[in-house]
Amino acid sequence: MSSLPRPYIVPASPARERERSPLLGRRPAEDAECAQRERASRRRRAAAACGLVVLFVLALVLTLGLLGGGLPDDPAAAAREILARAPVIDGHIDLPILVRELYANNISAFDLRERMPGHVDIPRLREGRVGGFFWSAFVECKPDNKDFTKPSYRVRDTLEQIDVARLLIDEYPGTFKFAQSAADIRAAIREGRIASLLGVEGAHQLGNSLGVLRQYHALGVRYLTLTHGCHNAFADSGGIFEAPPPLHGGLSALGRVLVHELNRLGVLADLSHVSDATAAQALAISHANGAPVLWSHSSARAVHDVSRNVPDALLKQLGTPEKYHTGRDGKGRNRTDGVVMVNFAPFFVAPDGEATLERVADHVEHIGKVAGKEHVGLGSDFDGIGSVPEGLEDVSKYPALIAELHARGWSRRELAGLAGGNLLRVFEGAERAAHVMQRAGARPAMEIYGKRPDLPVYREDL
């Protein structure tokens with residue numbers, strides 16, 4: 001078969017031309033009118049073609065911009081441009097505990113618009129291009145007794161921490177917007193405000209009660225750290241610098257129920273502070289429920305070997321559904337979506353006296369290399385740490401870290417994910433999993449801690 005001429009236009013035959021000719025000749029006026037219409041038609045086609053070319057060029061420019069093209073050569077300028085569109089969402093800031101310790105929870109005793117004694121205030125949040133953060137509600141854990149039944153004020157104190165956060169968010173409505181969902185975060189950023197979320201830093205703050213968890217959720221809490229530096233009734237802790245001897249071998253029976261209930265509610269299971277066994281078991285339960293997890297403020301153990309940091313074996317269990325659940329290969333199908341938000345605490349970053357911005361960037365890069373760059377974020381621990389890395393002295397310094405990673409070759413898209421996009425994806429995943437579980441009929445967990453002396457109550461005891 002002979003090839004057709006290019007471009008693909010088939011010339012008309014003389015016979016076809018005769019068939020198209022009118023039976024009677026046209027008058028000159030008709031010929032002029034026809035020619036005018038033809039010229040107008042050609043102009044319209046040319047204009048339409050030009051419009052399509054312009055739209056294509058604009059789409060190409062936008063796509064290249066989103067994929068990392070078009071950034072300034074200067075890393076600092078590139079960081080500012082990235083964060084203008086994708087501001088930082090920090091996974092863990094301890095401003096409420098600073099207010100408790102320095103001001104006895106009195107929000108009238110200071111002004112966040114002025115310089116605060118810690119790492120966080122409104123001017124520095126703005127300078128650091130912060131678009132959101134989790135306000136951590138923290139109460140110290142104490143290994144009072146092996147059964148965890150000694151009465152304490154931890155639930156009261158947690159409620160006071162939540163109260164302080166909510167009062168401060170309401171006190172500065174032009175700056176902060178209370179957020180309970182991914183949609184709330186996006187709305188706050190569109191409005192130029194800082195999305196303000198709540199996290200509770202330890203299941204020891206539940207009073208051994210799943211009912212307390214549900215009430216925290218009703219108050220807006222969207223992650224629960226399974227332990228702090230001590231074991232509790234639900235799970236084993238990883239300690240601080242060295243892991244203590246295990247108590248439950250990971251999660252207790254009630255702890256497994258707790259993780260399931262977190263998934264049902266759409267509250268993220270935070271695996272910072274927990275033992276490796278606790279993390280692995282929580283990952284498995286969450287995976288079975290289609291729910292992601294996070295480490296709200298943890299770094300990489302391979303970079304600095306302390307028990308609080310995440311080992312590579314756990315990092316390798318992370319994966320996004322789009323990447324690993326297609327069934328095209330056997331490995332990776334059991335991976336769970338999640339994000340590890342890198343901690344800035346110097347003692348988790350490097351040996352004493354060696355913590356710098358560059359070492360923090362090393363942690364970010366290592367997690368990105370092992371787990372994937374879509375699984376790393378920022379969880380500074382500001383206002384909860386007594387010292388800071390050189391170059392990351394407070395919340396105003398996030399752009400410097402973004403600039404460092406840009407200089408190391410991270411793209412616009414990767415840095416937007418690190419700044420907050422990865423956390424948003426995980427947050428949305430938790431919301432979807434909760435919706436699916438509730439639609440499928442998952443009911444609130446009614447289990448109680450078996451060593452509680454007050455339940456069940458029998459009528460003869462009344």
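Predicted model: local features only at pLDDT ≥ 70, side-chain atom pairs only at ≥ 80, totals over all residues.
**Close-up 1. Helix α10 and what covers its buried residues.** The buried residues of α10 are Thr 278, Ala 279, Gln 281, Ala 282, Leu 283, Ile 285 and Ser 286. Residues three or four places apart on an α-helix point the same way, because there are 3.6 residues a turn. The cover over the buried residues of α10 includes helix α9, strand β7 (293-295) and helix α11 (312-315).

**Close-up 2. The disulfide between Cys 141 and Cys 230.** The sulfur atoms of Cys 141 and Cys 230 are 2.2 Å apart, and the structure has one disulfide by count. Distant parts of the chain are linked by this pair, whose members are 89 residues apart. Cys 141 sits in the loop between β2 (130-137) and α6 (154-171), while Cys 230 sits in the loop between β5 (221-225) and α9 (253-265). The S-S torsion is about 80°, so the disulfide is right-handed. Both Cys 141 and Cys 230 are buried.

**Close-up 3. The largest cavity and its lining.** A search of the whole structure gives one cavity of 30 Å³ or more. The largest cavity holds about 70 Å³ of space. It is lined by 14 residues, of which Leu 271, Val 274, Asp 276, Trp 295 and Asn 309 are the closest to its centre. Seven lining residues are nonpolar, four are polar and three are charged.

Note on methods:
Residues numbered from 1 in each chain as written. Heavy atoms only, no water. 1 Å grid on protein atoms, 1.4 Å probe; cavity = no way out; pocket = protein on both sides within 12 Å on 5 of 7 lines; lining within 4 Å. Points joined across faces, edges and corners; volume = space filled by probe spheres on them. Nonpolar A, V, L, I, M, F, W, Y, C, P; charged D, E, K, R; others polar. Disulfide = S-S within 2.5 Å. Helix = DSSP H or I, 4+ residues; strand = E, 2+ residues; numbered from the N terminus. Buried < 20%, exposed > 50% of the residue type's maximum accessible area, 1.4 Å probe, protein only. Contact = heavy atoms within 4.5 Å.
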